[in-house]
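Let's take a walk through a protein model together, one step at a time. Have the sequence and the 3D view ready, and turn the view as you read.

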Amino acid sequence: MDISFNIGGEAGQGIDTIGDLLTQVFVQAGFYTFTIKDFESRIRGGYNFTQIRVSDKPVHTSVDQVDVIIALSRDAVVNQRERLAESGVIIFDNAVEFDDLEACHYPAPLEKIAKEIGGDTRMMNAAALGAVLSILNFPFRLAQEALMGIFGRKGEKVVASNVNVAKTLYDMTKENFAGTCKYNLETLESGPCKDRLLITGNRALALGAIAANLKWISAYPMSPSTSLFQDVISYSQQFKIGALQTEDEISSLAMAIGASYAGARSMVATSGGGFALMVEALGFAAMVEVPVVIYNAQRPGPSTGLPTRTEQSDLLFMGFASQGEFPRIMLAPKDPLEAFDVATRAFNLAEKYQVPVMILGDQYFADSVMNVPRIDVSTVTVDRGKLAKTGPSPEFKRYLFTDDGVSPRAFPGDEGKTIVSAGNVHREDGHITEDATIRNLMVQKFMNKIPRILADLNPPQLYGDKKAETTLMTWGSTWGAANEAMELLAEKGVSINQLHFCDVFPLRTEKLRETFKKSKRVIAVEQNATSQFAALIRMETGLGVNQHINKYDGRAMTPGWIIGKLKEGGVV
Amino acid sequence: MLEGPQKITWCTGCGNFGILAALKKAIIEIDQPLHNMVLTSGIGCSSKIPHYIGGMNSFHTLHGRPIPYATGVHLANTDLKVLVHTGDGDCLAEGLGHFIHAARRNVNLAVFIHNNGVNGLTKGQYSPSAPRGYVSNTSPPPPGAPMDPVSPTALAIVAGATFVARGFSGDQKSLVTLMKEAINHTGFAVVDILQPCVTWNRLLTWKYYNEHTYSLQENGHDVTDRQRALEIAMKNEDRYPVGIFYHSKHADLAAGLALPEKSKLRDHTNELKDVQKIIDDLML
């Protein structure tokens, strides 16, 4: 079983709620789900959709073909019709004027029933759920359980009304629509999936950060990063986390660095345009060796670009932002499950090496929802790196030259120590200097960190046949689409594997060199126009990829799209 | 005590010497544990002050940005007294937005603006506080500086600062008092300090300030009268009132954030079991 639902309509019509309901029904019934959100930069109107894929096998990407379209507006039919599978179904609210019906399409009285039976047009969501489940012949009992789970907290009355509305549509659909749809999930009891944590990339990062003892976050709202900031703020009272919406991103990162200098684990969240404003502070953090975590949920640029869409085009910008030279770490989680782990690692790496750590997500990663196994936080460790011994030490030098380039930290407020930090070149005691010898030692101190950082980063993962002729090379969120494309092709006998990077900078090269040596053809698959990661690899190793697959329309990659490009390129 | 770790690079006769002397005196007279004070600064002659005073924690940051950095330091550990030394070029040009928002937040910082009407370290261009018509490398005559100056005191009062004063580097006694009051004040405290740049500014000199300043307090100003304080601050004439313009009590930023009640952010721990509970509650 592998069904995709596309729920489309105007912003503000509640398509997210219908999506959430459907997803929860299927997760509770034991299926794997993967949901993407495609929306415009506007508050009301326009055309948005949520696409949910449900499968009895793990899924990490959306696909091109849609089996069921739930349309709350005319655009939701028109824009998706071509993607409808053969014998697919379009359910649309019969309040929408639409004279272009096809046999399989079902005009359902969603709004009418919500109003008449539920007494509230908002129950259109439950109505749509009833219609969809009926079309699939899905046992209503499971829907009822899901509705109880979702609305249970709002009281019996709300549950009962929603169940009534859903049931009315369910029965009505059965009467008028029986047998026209190829899907029949009547015998479906429950699927094999036990993963019951439905979570987005942003939320997983937020929870990871809190588990890693985040104590300060400052940000300026910017899509698609904002939900992370909002999540942390929503938990800030409970955990006592300092959180402030600042006047701009310059101030966000400055405050976070200030808080970290004073001893609190800190982060900022933004997108590329906001990061542009943070660049001077990034260099400052590096110069004063104050750890900080910077999350960039990337979107297509330059400038405002496509504010609510996805791209991986800030890699080189982030890798080389700021004047001067210094170590930095860049991590790009592939999905929500990996995000939690990446967040906790990011804070430890930042404090261990006293460098900025940047997490690169993108809109696809940030907003995608999937169900993952319960995250067990008991394995989270907090490593604050080298700390100075407590107690008075008049000779304390915050920037002591050490073999590994890392000096023990102390914080203002620590009795008997003076903490002096400056953005100028400075002596071991932190006071500024123009001395050439000290300048050299300071730069060498920075560079001495890099080999140790590299040893602490994870090598890339190789998926599929180790000896395959063709290698798809990916980083970050495009893992899912490429992974499925690779598996589909491998099943058909194509000799293909996938080399995937989460830790993208500094670059670990052993496994990369090995794979480049073995593979006859390495193909960079990137959500940008210039294969930035491939360029980084060439710069670091001299190794070039053989082909490029690039997507830069702001829309998510799919396995089908990648396979299509491979066909165009003569690979398969 | 407080002996500077580095040789001072300010020009002979610089107004900053008076500010440094007053700062040392204020810190000694306040008599609080030095490890609980942090001296932050931006960029410029003013902002080199952390290197000329010993035994103090310091954070010498970026041009225009000391206030946001200081805000982070303060909120991570509210036991700290956080001072900001900044210049007119620093605070009123690149940093003006931060200055206004910090005043609006009433964040508990003591901000000392070394105000001399020029960008000194970049060799004498006019700063945002230079009077209209001021002639410099970047404001040649006619007409000299083609705009009115920024008034840090007026902006601070309007934006919501709860302690607003003006001092003069040449009037040590009152400057020390103003600094102590600013440091002890809970909320956003600003002291605009008149300070001649002896190298670049031929207009705003020691002699000029000695002749053109007068004491507000000696003239019976009511520091709780915000309207009157603003009127005085907005007077754009060649006589400079010195002293406290405005002083009030108001909830500071820290009071409105989710900070730990009995400890500090830097020492506080998020309980993993609570994170686990959130995760478990999210499970379907």
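This is a predicted model: local features need pLDDT of at least 70, side-chain atom pairs count only at pLDDT 80 or more; totals for chains, interfaces and linings use all residues.

Residues are numbered from 1 along each chain as its sequence is written, and chains are lettered from A and ligands numbered from 1 in the order in which they are written.

Start with chain A as a whole. Its C-alpha trace spans about 85 × 55 × 40 Å along the principal axes. A compact globule of 572 residues would have a radius of gyration near 25 Å, and the 26 Å of chain A agrees with that. (This radius is taken over C-alpha atoms, and the globule rule is 2.2 Å times the number of residues to the power 0.38.) Chain A holds 19 helices and 21 strands; these are DSSP runs, with helices being H or I of at least four residues and strands E of at least two, numbered from the N terminus. Of the 572 residues of chain A, 57% count as buried. Here, buried means that 20 or more other C-beta atoms lie within 10 Å of the residue's own, exposed means 12 or fewer, and partly exposed is in between, with C-beta atoms placed from the backbone.

Now look at the domains. Chain A is divided into domain 1 (2-194), domain 2 (198-377) and domain 3 (461-568), with bounds that come from an automatic or database domain assignment. The C-alpha centres of domain 1 and domain 3 of chain A lie 35 Å apart. The contact between them takes 6 residues from domain 1 of chain A and 9 residues from domain 3 of chain A, where two residues are in contact if their C-beta atoms, placed from the backbone, lie within 7 Å.

How many residues of chain A are in contact with chain B? There are 60 of them, and they meet 48 residues of chain B. On the chain A side, the largest share, 9 residues, comes from α10(A). The strand β15(A) pairs with strand β2 (residues 57-60) of chain B in the parallel sense over 3 bridges; strands count as paired if DSSP finds at least two bridges between them. In β2(B), H60(B) is the bridge partner of A422(A).

Helix α9 (residues 272-282) of chain B also belongs to this story. Its buried residues are V275(B), I278(B) and I279(B). They cover an arc of only 95° around the axis, so they sit on the same side of α9(B); the arc is that of the directions from the helix axis to the C-beta atoms. On the other side of α9(B), K273(B) and D281(B) are exposed. The buried residues of α9(B) pack against β7 and α7 of chain A.

Finally, find strand β10 (residues 240-247) of chain B. Because 6 of its 8 residues are buried, β10(B) is largely enclosed by the rest of the structure. Strand β7 (residues 163-168) of chain B runs antiparallel to β10(B), joined by 4 bridges, and R166(B) has G243(B) as its bridge partner in β10(B). Strand β9 (residues 213-215) of chain B runs parallel to β10(B), joined by 3 bridges. There, T213(B) has Y240(B) as its bridge partner.
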